[in-house]
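This report goes through a few features of one protein chain. Please look at the sequence and the structure before reading on.

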Amino acid sequence: MMKLIVCFALFAGAIAQKQLTEPVELAKGFGPKLTSANECKIIDASPVSMLVCTSEEGILTAYDPASVTSQLGRFGEQFPSGLLGETGVAFSEASNTIMYGTTLGEGDSRQCRIHAVSATTELDGKWSSVILDGGCSGTPVISSDGAYVFVTHNFNTTGFFTILNGDDGTIFWEHEDSTQPLSPPGIYHNPIFGNYGGGAGNTNDIVVFANKPFDGESGVGNAGMYGFQFPIAFTGSKDGLSVITLRELDGDAAWQAITPPTITDGGRRMYWGVSRSQIRGWPWLDDRDTFDRSAPESLGFARADRPLPKSQPIYAKVATTKDVDNEIIFTGSAKNLFTALDRNFNVLWQVELDSPVLHEAQVSPDDSVVYFVEEVGIAYAYKIADGTKLWEKPVDQAGIAAGYTLSLDGSTLYLAAHSSGILYSYQVAEVESTPAPVQDPTLAPVSPTLAPVSPTLAPVS
């Protein structure tokens with residue numbers, strides 16, 4: 001059963017792509033099994049783009065995006081049995097490196113390690129980090145220059161925020177929260193400034209994370225929201241580094257998260273799916289919308305059904321359009337809703353599904369269509385402007401639990417089945433390549449009598 005609720009229509013944007021009314025299956029490949037902790041992602045690597053997937057067994061696999069039946073490379077088959085791949089895919093364009101995390105052991109013996117792999121078809125291993133306490137908490141994030149890797153990992157009820165050296169995986173600096181585990185980190189590269197008290201003038205990458213529930217926790221326990229930026233004059237020294245407590249959260253205002261935040265608009269806006277099936281937003285409607293103040297916008301949806309706790313956070317990371325002037329926000333819930341919002345958190349349209357959306361929706365490059373997948377294995381395409389359904393496609397009865405991805409040109413959607421390891425590619429749009437305009441040269445009038453030509457020519461502007 002699916003129900004669409006349209007609250008009002010949006011502006012009609014220019015359509016640069018021809019969206020298909022039915023997806024066309026292009027290919028079907030086979031690889032390791034993926035879980036909800038894993039992800040497939042298009043990597044714009046050098047010299048070739050690749051589709052890269054993490055897996056339950058800790059194996060990283062690269063596929064040819066043009067034909068997912070062709071595996072370009074695999075990494076991790078040398079790992080011991082019992083190892084779990086518990087993160088998605090991180091990519092550093094600066095160092096042409098793919099990174100992901102694995103966890104070995106159970107309970108008190110869990111150990112997290114981050115692995116760096118060359119973004120080439122060989123997937124050559126660069127390094128595996130030192131052992132980090134506990135299990136990895138979501139996908140690591142990488143600094144804009146590739147020099148540092150930011151990781152959260154948790155041991156029982158203790159959370160750790162660790163910075164690794166990007167060249168060898170050794171620990172550069174670490175912080176411990178002895179009260180509560182930590183959520184996956186979000187990052188914004190080179191923000192306009194740090195959007196919190198004391199962040200003025202700081203354009204270093206900003207990392208934001210929060211507390212998350214520990215396994216089996218019911219209700220919202222210890223809760224806080226945290227940030228990290230290297231100092232303005234950072235030259236590589238550890239002196240003076242600290243995690244910023246953006247907000248201490250308690251009482252009815254307390255919330256936790258199991259996803260990273262989505263940060264946009266030069267690092268000034270942030271959106272986050274949190275406890276009790278709520279979304280919080282700092283939409284930068286004015287300069288009071290700083291991250292160290294209570295979220296100016298919030299909205300709650302129907303909460304999770306038992307046996308899940310009513311405090312269950314939203315599963316999927318928030319997605320947004322690329323046009324920040326007319327920014328649209330897309331969120332799942334802790335139950336079965338998918339919703340489009342404006343910056344003031346007015347509901348533009350909403351879809352009721354049969355199961356939750358577990359991962360971040362994918363937005364077409366021209367901001368005309370949003371693609372999302374519910375857990376039972378049905379994919380959807382909706383027009384962003386008015387919430388019109390373009391199509392729905394049952395993909396796999398095993399369900400789609402892992403993160404899915406859209407090709408760089410927006411023509412192809414890639415999805416991986418939950419238990420079978422089947423990887424699907426669907427054409428969802430026709431894309432015409434538009435050549436860059438060529439400017440005709442403007443010739444200066446030629447004098448009948450030519451001046452002598454110097455052997456050294458002046459540069460042409």
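## Disulfide pairing

When the bonded cysteines of the chain are numbered in sequence order, they pair as 1-2, 3-4. The model, which is predicted, holds two disulfides.

## Cys40 and Cys53

Cys40 and Cys53 are both buried.

## Cys112 and Cys136

Another disulfide joins Cys112 to Cys136, with an S to S distance of 2.1 Å. Here too the pair links distant parts of the chain: Cys112 lies in strand 10 (residues 111–118) and Cys136 in strand 13 (residues 135–136), 24 residues apart. The link of Cys112 and Cys136 is right-handed, with 95° about the S-S bond.

Buried means a relative accessible area under 20%. Cys112 has a relative accessible area of 0%, so Cys112 is buried. Cys136 has a relative accessible area of 10%, so Cys136 is buried as well.

How many of the eight residues of strand 16 (residues 158–165) are buried? Eight of the eight are, and the strand is mostly covered. Both faces are covered: Thr158, Phe160, Thr162 and Leu164 are buried on one side, and Gly159, Phe161, Ile163 and Asn165 on the other.

Strand 16 pairs with strand 15 (residues 148–155) in the antiparallel sense, over eight bridges. Tyr148 has Asn165 in strand 16 as its bridge partner. The hairpin of strand 15 and strand 16 has two residues between the strands, and in this hairpin Asn156 takes a positive phi near 55°.

Strand 16 is also joined to strand 17 (residues 171–177) by six bridges, and these two strands run antiparallel. Gly159 has Asp177 in strand 17 as its bridge partner. Five residues lie between the strands in the hairpin of strand 16 and strand 17, where Gly169 takes a positive phi near 80°.

## The cavity

The structure holds one cavity of 30 Å³ or more. The largest cavity has about 30 Å³ of space. Which residues line the largest cavity? They are Pro356, Leu358, His359, Val373, Glu374, Glu375, Ile400, Ala401, Ala402 and Tyr404. Seven residues of this lining are nonpolar, one is polar and two are charged.

Key. Residues are numbered from 1 along each chain as its sequence is written. This is a predicted model: local features need pLDDT of at least 70, side-chain atom pairs count only at pLDDT 80 or more; totals for chains, interfaces and linings use all residues. Side-chain values use heavy atoms; hydrogens and water are left out. On a 1 Å grid over the protein atoms alone, a cavity is a set of points where a 1.4 Å probe fits but cannot get out, and a pocket is an open set with protein on both sides within 12 Å along at least five of seven lines; lining residues have an atom within 4 Å of a point. Grid points are joined across faces, edges and corners, and a volume is the space filled by probe spheres set on the points. Ala, Val, Leu, Ile, Met, Phe, Trp, Tyr, Cys and Pro count as nonpolar, Asp, Glu, Lys and Arg as charged, and the others, Gly among them, as polar. A disulfide is a pair of cysteine sulfur atoms within 2.5 Å. Buried means under 20% relative accessible area, exposed over 50%, partly exposed in between (1.4 Å probe, protein chains only). Helices (H or I, at least four residues) and strands (E, at least two) are DSSP runs, numbered from the N terminus. Two strands pair if DSSP finds at least two bridges between them.
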